[in-house]
Amino acid sequence: MAFKCKVFGICLMVTVTSLAVLLSRILQTTLTSRASFGRSGVLASVRGYERQSRSMAETLRSVRLLCWVMTMPSNFKKKARYVRETWGKRCDVLLFFSSVENKALSVIGLNVSEGRSHLTDKTYHAFRYVYKHYFNQADWFLKADDDTYVIVDNLKFYLSKFDKNQGLYFGATFSRVTPQGYNSGGAGYVLSKEALKKFGERGSNNTACPFERGVEDVAMGLCMFNLGVKLVNTLDKKNKTRFHAYNPLTHMEAGDKYLNSFSAYGYRTGAMNISDLPLTFHYIQGRNMKAMEFYLYHVRHVGDGGTVLT
């Protein structure tokens with residue numbers, strides 16, 4: 001029964017997916033036009049939608065996104081493999097970093113010990129590796145945990161509105177500790193090409209990028225501030241959240257004391273406070289990622305008496 005409840009909670013996410021938004025647009029077009037168009041009008045609206053879809057596909061292809069995922073040996077099969085099987089396949093480049101290499105899962109081994117006290121060191125090493133080996137293969141660089149679920153299509157669309165050549169830093173922002181705030185590590189955060197360049201050139205300076213034992217996201221926030229990288233307010237036009245440090249139900253229901261205390265823009269619970277185009281959720285583990293994938297990319301919603309064109 002507990003498993004069913006989890007799946008049901010995930011199922012609720014279908015109302016806030018990009019596919020649901022796109023589908024509702026074509027259904028609304030059909031409903032509006034069916035009284036006066038007839039068959040030819042409906043076909044014209046479908047052709048218009050197809051042109052819009054092609055334009056969107058071109059936009060998403062133009063956004064080159066590298067995703068790197070922090071993991072550990074005990075999570076290779078329990079978590080990391082589900083990232084590869086689900087959202088990770090939509091990234092232009094997908095990398096996994098751990099303390100040890102795993103060729104079967106293409107995990108890159110870093111010379112860093114495991115454990116929370118080493119997360120900052122692990123993150124710095126990973127970003128240096130990405131800068132050295134992959135800087136020219138992408139324009140945007142996402143760091144995520146192995147239990148972060150990323151709606152890559154939405155993220156690419158969101159990033160398409162920004163300039164990769166500006167030093168920018170995106171995520172779920174917390175307000176304490178650092179001058180401009182910092183972005184949650186679990187929710188995932190994104191660096192622009194210019195931000196990664198600044199880190200690659202000056203990130204080894206311990207004054208600019210201090211080592212915070214076990215508090216990786218705070219350390220990265222301080223680093224970005226000291227390097228002159230701007231933290232972007234990622235709320236949508238209706239002040240709804242795009243990046244999420246917890247799973248969907250936590251954000252929909254009671255929330256969390258940490259979120260309530262640290263959220264930079266004021267934390268509000270309820271599904272209607274989640275953006276219609278959310279980008280990430282945290283604490284989505286293992287098989288639940290496959291459930292997210294199913295409801296996001298396979299379920300269709302007719303709604304409001306709309307007609308499905310077959």
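Okay, let's start with a torsion: the link of Cys209 and Cys223 has 45° about the S-S bond, so to speak a right-handed one. Cys209 sits in the loop between H6 and H7 and Cys223 in helix H7, so this pair ties together parts that are 14 residues apart in sequence. The sulfurs are 2.0 Å apart, and a disulfide here is a pair of cysteine sulfur atoms within 2.5 Å.

Quick housekeeping. This is a predicted model, where local features need pLDDT of at least 70 and side-chain atom pairs count only at pLDDT 80 or more, while totals for chains, interfaces and linings use all residues. Residues are numbered from 1 along each chain as its sequence is written, and side-chain values use heavy atoms, with hydrogens and water left out.

Back to that pair: buried or exposed? Cys209 counts as buried because its relative accessibility is 1%, and Cys223 does too, at 0%. Buried means under 20% relative accessible area, with a 1.4 Å probe and protein chains only.

How many disulfides does the structure hold? Two. The other one joins Cys67 and Cys91, with the sulfur atoms 2.1 Å apart. That link is left-handed, at -90° about the S-S bond. Cys67 is in strand S1 (residues 65–70) and Cys91 in the loop between helix H3 (76–85) and strand S2 (93–98), so to speak distant parts of the chain, 24 residues apart. Both Cys67 and Cys91 are buried. Number the bonded cysteines in sequence order and the pairing reads 1-2, 3-4.

Now the helices, which are DSSP runs of H or I, at least four residues, while strands are E runs of at least two. H6 (residues 193–202) and H7 (residues 216–226) pack at about 95°, axes 10 Å apart; the axes are lines fitted to C-alpha atoms over the stretch in contact, and angles run from 0 to 180 degrees between N-to-C directions. That makes H6 roughly perpendicular to H7, a label covering 65 to 115 degrees.

Who meets whom? From H6, Ala195, Phe199 and Arg202; from H7, Met220, Cys223, Met224 and Asn226. Contact means heavy atoms within 4.5 Å.

Last stop, Met224. Along with Trp87, Met224 touches the most other members of the largest nonpolar core, which has 79 residues. Such a core is a set of buried Ala, Val, Leu, Ile, Met, Phe, Trp, Tyr and Cys residues joined through side-chain atoms within 4.5 Å. Leaving aside neighbours within four places in sequence, Met224 contacts Tyr169, Gln180, Leu191, Ala195, Phe199 and Val229.

Conventions:
Angles under 35 degrees count as roughly parallel, over 145 as roughly antiparallel, 65 to 115 as roughly perpendicular and the rest as oblique. Buried means under 20% relative accessible area, exposed over 50%, partly exposed in between (1.4 Å probe, protein chains only).
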